[in-house]
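Please examine the protein displayed below.

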Amino acid sequence: MTFESAKAGIDYIFSHSEHRNRLMFGFYGGEPLLNFRLIEKAVEYIQTRNTENKLIEYYMTTNGTLLTSRVMEFLVKHDFHLTVSFDGPQCVHDKRRRYINNVGTYNDVINILRKFKKEYLRYYEQNIDVNTVIVPDEEAVKIFDYYRVEPLFEDIWAVNGTLVNDIGLKDEKICKSEVFIRTYNYEYFLVMMSKLGRINRKFISPFLEDRFLYVKELRSGKQSARSTELPKRWHHGGPCIPGEKALFLSADGYYYPCERVNETSSLARIGSISTGIDIGKVKDVINIEKYTAEECRNCWAYRYCTVCVRNICIDNHNIKDAIIESCSGIKLLVEEAFKDYSMMRSLGYDFEVGKVSASRKRI
């Protein structure tokens, strides 16, 4: 990305956020630190552009290999929220994260994180999280134990786990191994037991907290707000409002709803720095349901559907097929969440307050 493109994107954000007192700017790749000078110039320009003294927050996702002393000092100075892609034990991490000479990056990244912790402990504790991409094979089960015993991650802000996504994968779909499924489900069982106060939190994996949070958010407020039917006019809850909550600017100057979409999909391209936002394209993104309206109206999971343009990595003529292909996975996720919710409620867990009800603690 050129600075001219970055500058145009920054100008667009400031000129369309007059009613907001807080703005967040994130830098993604590839590897964003390959273009560190651009990031420096962009941050400097954001500061000069911020004449109304809005609260500015910075975010970056990096593989960690280019976190030099100079970069560390810059990130700390500007209070960046930093996500480091790190895949756990060396045997797993180095399998997929290597330099061009085929040498794994584990040793370099772990030493950089140790240096970060030693020199900027407060920042390390409050601003850095690691994200582990999990390929659901037999080796992945080593990841769960790794984060329980590796002391480097005891004080870090957060450890997150993301199952690898096969949306748009040209090769065969990713299959979860039986060993992984058993281990994953057992680890999640431990999370639920910890929520019920049955086991100490130190025994649970940090990765499965997000799955439990999904259950909580899915049913948030539903205990008191009971409804027996959908309103006459309704739209499922998948798509956000492009350009309001997030806006992604690609290296070649095009706008997309967020950084999660596939940039090869013309449906997801909602404008550019030269033309601005195309409202017609935004309506297409928001009204993604129109491609499968008949199927959606008869779906029991309609109210909880999360399908949006990020699920679609192919061009317009196959949108319906792409949406329907993702339906079974979404419905399975919702169904499992309902089961978990029902079980936890039956054991006395109150999702509204986040703990076991006093009357049920002795059960």
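In which helix does valine 285 lie? Valine 285 belongs to helix 10 (residues 279-286); helices (H or I, at least four residues) and strands (E, at least two) are DSSP runs, numbered from the N terminus. The model is a predicted one, in which local features need pLDDT of at least 70 and side-chain atom pairs count only at pLDDT 80 or more, while totals for chains, interfaces and linings use all residues. Residues are numbered from 1 along each chain as its sequence is written, and side-chain values use heavy atoms, with hydrogens and water left out.

Valine 285 counts as buried because its relative accessibility is 3%; buried means under 20% relative accessible area, exposed over 50%, and partly exposed in between (1.4 Å probe, protein chains only). Its contacts (heavy atoms within 4.5 Å), not counting residues up to four places away in sequence, are Pro239, Pro242, Pro257, Leu267, Ile270 and Val309. Although valine 285 and proline 242 are 43 residues apart in sequence, their C-alpha atoms are 7.7 Å apart in space.

Glutamate 40, in helix 2 (residues 36-49), is also buried, because its relative accessibility is 14%. Leaving aside neighbours within four places in sequence, glutamate 40 touches Arg70 and Phe74.

In soluble globular proteins, nonpolar side chains tend to be buried together. A nonpolar core is a set of buried Ala, Val, Leu, Ile, Met, Phe, Trp, Tyr and Cys residues joined through side-chain atoms within 4.5 Å. The largest one here has 90 residues, and Leu67, Phe80 and Phe153 have the most contacts inside it. Helix 12 (residues 319-346) gives the most to this core, with 8 residues.

Finally, the cysteines may be considered. A disulfide is counted when two cysteine sulfur atoms lie within 2.5 Å, and the count comes to 0. The sulfur of cysteine 327 has its closest cysteine sulfur in cysteine 305, and because the distance is 6.2 Å, it is too far for a bond.
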